[in-house]
Amino acid sequence: MTVAYGQQGAIAVLTIDNPPVNALSVAVRQGLIDGIGRAIGDPAIAAIVVIGKGKTFIAGADIREFGKPPQAPRLTVAIAAIEASPKPVVAAIDGVALGGGLEVALGCHFRIGTKRCQLGLPEVKIGIVPGAGGVERLPRLIGLEPALKMMVSGDPVRADRARELGIIDAIAEGDLLTDAAAFAERVVAEKTPIRRLSESTIALDGVDWRALLAAARATAGKSHRGQISPQRVIDCVENAITLPFDQALGETIRIINELIPSAQAKALRYAFFAEREAGKVPDIDKTITVRPLRSAAVIGAGTMGGGIAMCFADAGIPVLVLENSAEALEKGMVRIEQNYQDMVQKGRIRAEDKTKRMGLISKAAGYDALGDVDIVIEAAFEEMAVKKDVFARLDRACKPDAVLATNTSYLNVDEIASATKRPESVIGLHFFSPANVMRLLEIVRGAKTAKDIVATAQALARTIGKIGVVCGVCDGFVANRSRGPMTREASFLVDEGALPQQVDKVLYEFGMAMGPFAVGDVAGIDVGWRVRRSLDATRPKDQRYSPTADRLYELGRYGQKTSKGWYRYEKGSRVPLPDPEVEAVIMQSSKDQGITRRAIGDEEILARCLYAAINEGAKILDEKIAAPTRSG
Ligand code: 3HC
């Protein structure tokens, strides 16, 4: 039974049992309607509790059903049946109540949650709007502004905040079902009036809702540049304000039906499932015992090393930081402290969080101090000799079962591992800058890396809130490798007639956060130069090569760090400004290569850059670099 019917005294208990996350598939929708009907019809029943089996209340509509012909009953019908019940209905929420899950809870008359429950309407994240009454009911329950914020961001709130906002009426102290049943009995005994949100109105006294919606549109236009669904959510909220409940809901249903087959929603659904697929590696199953990671160390206190140390501290894991010199170490610690201070100032963490996290980061006096740590991540200079030296030292200093990881972004992990007597313990953990913010973590599996080390790295990714993507050894792994040909193509376009600002604009308008030349200036033209030099020996002789970036390097234009790169930068500013000096370098480079420059259209730029990346992606899959098995 996807919705089991049970009874505790005068309380009917409807338990949703649809693993893994109790998504609202057709059987659940029907089960809820049947269960509510049975409880209403039974004179022995005074109230109803709706609860989820397992660790989740309901994760929302079944995303796998999207794009298929809808099957009756619709979720709105099931929720209307719950809300219309003359007997009080209490939602008992453990784990997440997301999307349709929260909408079911809002259809109930009361809500009680556990301390770890999380509630949200994340529909915008998959390119749609809450389509089963959430847009209409949430502002009626908690007011326009907080509801708008939750729906436009799609971010969930935790139990304490949900209680503060009034989304839940109580937090369960003991067993959830026991507390929910007691709550229901109290409602019956005290004859607490049933609250049907669809029958109430949105409190708008003193609220300039037009200004609020206009501000929300402007903010979403920046934070979700080019995305349709956040703007459509605001349209739905406007309807919820100006139209009667049923009419507004009708409009929302029309809008969600329009969005579900849209290209953006399809792409975001694909990304949702792809992110989950990326965590599955054919020969690494859940039975493998992962090593406990209770302490860590980071080699290198530069931007990367510092960011990685913050990842551990943020997750409550004590971390040692080691550097070549006391000065470099001190500088790194100051930078970490400054980063936390900025987060406090922006209201992202509290001052006491900063103190706690800084308290978990300590300076290591030398390699001898690393004898007890469970994992070491090396983030030293990107040069093979340096890496090998570090790993030889780690091999001598670390305990036998420690995980030895390198944050290299393109060097051969197998060669690094060969500097140790335990290559099976060595793995690549490639973070992206800023390491404490970016969600991607490439887990690079060497030829000899042990399975439990891979599984441990995957568990670590989850612990520190990253998406761990297992990949094999190759130049640039998955992310940088797939970007490489795009960056090369961008250089060819510039040699043939385009300018950096034109190429960057096209890719920015396509949706990228930055174009490849602006990225080059952030990453450092000197860094790119070093990478190209390391590839000189193996680059096929007949492969096209643009020398233009090398010319900039020779002029000392290393990017933002020297205020000059593909662009120029005013003092203290990160805004890229076109530079006639760069144009002159480009013109000369075209001439030197014997290329007659021509006008290049935006379409050609987009097609050449994207197809280059797509082709490389296909090769990465073909070579089984993404999610490789050891033998693969
Ligand atoms: N529909 C279908 N499958 C879902 C699902 C959903 N809503 N949510 C999760 N799943 C599946 C995952 O694909 C995964 O399947 P797999 O094991 O075959 O790969 C499995 O459930 C477990 O999911 P996770 O690996 O993500 O497990 P976590 O414990 O890390 O996270 C979660 C659980 C927080 C629920 C997360 O999966 C999540 O955020 N889910 C999506 C929530 C969502 O977007 N809900 C809104 C849906 S749209 C909606 O409700 C429209 C309504 O307004 C009408």
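1. Lys624 has a positive phi of about 60° although it is not a glycine. Helices here are DSSP runs of H or I with at least four residues, strands are runs of E with at least two, and both are numbered from the N terminus.

2. A word on what you are looking at: this is a predicted model, in which local features need pLDDT of at least 70 and side-chain atom pairs count only at pLDDT 80 or more, while totals for chains, interfaces and linings use all residues. Residues are numbered from 1 along each chain as its sequence is written, and side-chain values use heavy atoms, with hydrogens and water left out.

3. Another positive phi in a residue other than glycine belongs to Phe477, with a value near 50°. Phe477 sits in the loop between strand S17 (467-472) and H18. Is Phe477 buried or exposed? At 0% relative accessibility, Phe477 counts as buried (buried means under 20% relative accessible area, exposed over 50%, partly exposed in between, with a 1.4 Å probe and protein chains only).

4. Helix H18 (residues 479-496) holds Pro485. Pro485 is buried, its relative accessible area being 14%. Apart from neighbours within four places in sequence, Pro485 is in contact with Ala612 and Glu616; contact means heavy atoms within 4.5 Å. From Pro485 to Glu164 there are 321 residues in sequence and 50 Å in space, C-alpha to C-alpha.

5. Next, have a look at strand S14 (residues 403-406).

6. Which strands pair with S14? Strand S13 (residues 375-378) runs parallel to S14 and is joined to it by 4 bridges, with Val376 opposite Leu404. Strand S15 (residues 426-431) also pairs with S14 in the parallel sense, over 3 bridges, and there Val426 is the bridge partner of Leu404. Two strands pair if DSSP finds at least two bridges between them.

7. S13, helix H15 (residues 384-397) and S14 make a right-handed β-α-β unit. Right-handed here means that, with the strands pointing away from the viewer, the path from the first strand over the helix to the second runs clockwise.

8. Helix H12 (residues 303-314) and helix H13 (residues 326-345) pack at an angle of about 55°, their axes 10 Å apart. That makes H12 oblique to H13 (under 35 degrees is roughly parallel, over 145 roughly antiparallel, 65 to 115 roughly perpendicular and the rest oblique). Among the residues that meet are Gly306 and Ala309 in H12, and Ile336 and Tyr340 in H13.

9. An open sheet of 3 strands has the order S5-S7-S8 and mixed pairing. Strand S5 (96-98) and strand S8 (157-158) are at the edges, each with a single partner strand, so one side of each lacks a neighbour in the sheet. S5 pairs with strand S7 (residues 118-120) in the parallel sense over 3 bridges, and Val96 has Gln118 as its bridge partner in S7.

10. Finally, two cis peptide bonds deserve a look. One joins Pro19 and Pro20, with omega about 5°, and Pro20 is in the loop between strand S2 (11-16) and helix H1 (26-41). Another joins Ala72 and Pro73, with omega about -5°; Pro73 lies in the loop between strand S3 (47-52) and helix H2 (75-84).

Definitions and conventions: Axes are lines fitted to C-alpha atoms, for helices over the stretch in contact, and angles run from 0 to 180 degrees between N-to-C directions.
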